[in-house]
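Subject: Handing over a structure

Hello,

Please find the structure below, with its sequence. My notes on what was found in it follow.

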Amino acid sequence: MVSPKGGFFMFIDTHAHLTSDALVNDTQQILGRAQASRVHKIVNICTDEKSLKAGFLLREEHPWVFNAAATTPHDVEKEGESFFPLVEQAAYHKQLIAIGETGLDYHYQYSPKEVQKRYLELYLDLSRRVNLPLIFHCRDAFADLFAIAGEVPAVLHCFTGNLKEAKKALELGWYLSISGIVTFKKSQALQEIVKYVPLEHIFIETDAPYLAPTPYRGKVNEPGFLPETAKMIAHLKQMNVEEVAKITKENAEKFFRF
Ligand SMILES: [Zn+2]
């Protein structure tokens with residue numbers, strides 16, 4: 001794909017739920033539009049048996065889609081136990097490129113804190129055993145996540161923490177993944193953090209079907225909308241979007257080893 005200036009660049013969507021109920025029936029069109037938007041690799045986040053099985057099928061047909069899996073902190077109480085052995089098996093069969101999204105969410109607390117922590121530990125242990133990086137979901141729980149996880153290969157997906165939390169994550173060698181939230185008018189605090197964090201520690205994600213960036217806000221999000229977030233990051237960093245694409249792509253390729 002050649003840009004108007006003649007440059008060659010592509011994006012990676014490091015976090016999309018392609019096989020969630022909201023998107024799974026429309027994946028052919030969604031992937032076509034993703035390619036038209038220069039998105040050439042997608043990390044598909046599988047959160048249950050159904051989305052994982054669909055993820056395997058999708059990857060067979062589209063080898064540029066890669067799967068990660070774990071029960072989200074929201075659902076660990078209900079579904080954690082039944083899904084864990086499937087994630088473990090997929091990891092050992094080299095069908096995953098990362099473990100996640102796992103982590104802690106004390107904002108909604110759909111599952112009790114202690115259950116969330118127990119599954120976080122289980123997934124941390126699995127990631128060590130199979131040598132795969134981690135994708136963390138964290139909301140209002142940074143102190144516990146930092147203390148429990150420590151220096152592991154990890155990305156904080158859809159980062160919305162404060163500057164202190166961003167700094168601590170960088171200290172631990174983690175990456176910060178920036179979603180469409182950064183394009184919203186009220187997101188000045190996050191925009192300041194993006195200015196501060198070295199681009200070498202940033203990934204870009206859609207978190208599709210959630211969190212569509214401006215000007216698609218309110219629509220069902222999809223990987224094809226990723227360039228809007230990249231453009232905002234480029235604007236904040238006063239760089240061109242080609243350079244943002246290139247460096248964030250290198251970051252993700254190094255981390256996921258794909
Ligand atoms: Zn997600």
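Predicted model: local features only at pLDDT ≥ 70, side-chain atom pairs only at ≥ 80, totals over all residues.

**T47**

Is T47 buried or exposed? Its relative accessibility is 17%, and the cut-off for buried is under 20%, so T47 counts as buried. Apart from neighbours within four places in sequence, the residues in contact with T47 are H17, A70, T71, T72, E79 and F83. Q29 is 18 residues from T47 in sequence, and their C-alpha atoms are 22 Å apart in space.

**Pockets and the cavity**

Rolling a probe the size of a water molecule over the atoms shows where empty space is left. The largest pocket holds about 740 Å³ of space. Its lining is made up of 25 residues, and those nearest the centre are H74, E101, H137, D207 and Y210. By type, the lining of the largest pocket has 10 polar, 8 charged and 7 nonpolar residues. Which elements each supply at least two residues of this lining? They are helix 2 (49-61), strand 4 (98-105) and strand 5 (134-139). Strand 5 gives the largest share, 3 residues.

The second largest pocket holds about 180 Å³. Among the residues that line the second largest pocket are T160, F184, K186, L190, I193 and R217. Its lining divides into 6 nonpolar, 4 polar and 2 charged residues.

There is 1 cavity of 30 Å³ or more in the structure. The volume of the largest cavity is about 30 Å³. The residues lining the largest cavity are T14, H15, I135, V155, H157, S177, F203, E205 and F256. Of these, 4 are nonpolar, 4 polar and 1 charged.

**Helix 4**

Helix 4 covers residues 113-130, which is 18 residues. From its first C-alpha to its last, helix 4 reaches 26 Å, close to the 26 Å expected at 1.5 Å a residue. Its buried residues are V115, Q116, Y119, L120, Y123, L124, L126, S127 and V130. After helix 4 comes N131, which has a positive phi, near 60°.

**Helix 7**

Helix 7 (residues 188-196) has L190, Q191, I193 and V194 as its buried residues. Why do they lie on the same side of helix 7? They cover an arc of only 160° around the axis, and this puts them on one side. An α-helix has 3.6 residues a turn, so residues three or four places apart point the same way. The cover over the buried residues of helix 7 includes helix 6 (163-171), strand 7 (175-178), strand 8 (202-204) and helix 8 (226-237). L190 and I193 also line the second largest pocket.

**E228**

Helix 8 contains E228. Not counting residues up to four places away in sequence, E228 touches T183, P213, T214, P215 and Y216. Y216 is 12 residues from E228 along the chain, and the C-alpha atoms of the two are separated by 9.1 Å.

Regards

Notes: Residues numbered from 1 in each chain as written. Heavy atoms only, no water. 1 Å grid on protein atoms, 1.4 Å probe; cavity = no way out; pocket = protein on both sides within 12 Å on 5 of 7 lines; lining within 4 Å. Points joined across faces, edges and corners; volume = space filled by probe spheres on them. Helix = DSSP H or I, 4+ residues; strand = E, 2+ residues; numbered from the N terminus. Nonpolar A, V, L, I, M, F, W, Y, C, P; charged D, E, K, R; others polar. Expected span 1.5 Å × (residues − 1). Buried < 20%, exposed > 50% of the residue type's maximum accessible area, 1.4 Å probe, protein only. Arc of directions from axis to C-beta. Contact = heavy atoms within 4.5 Å.
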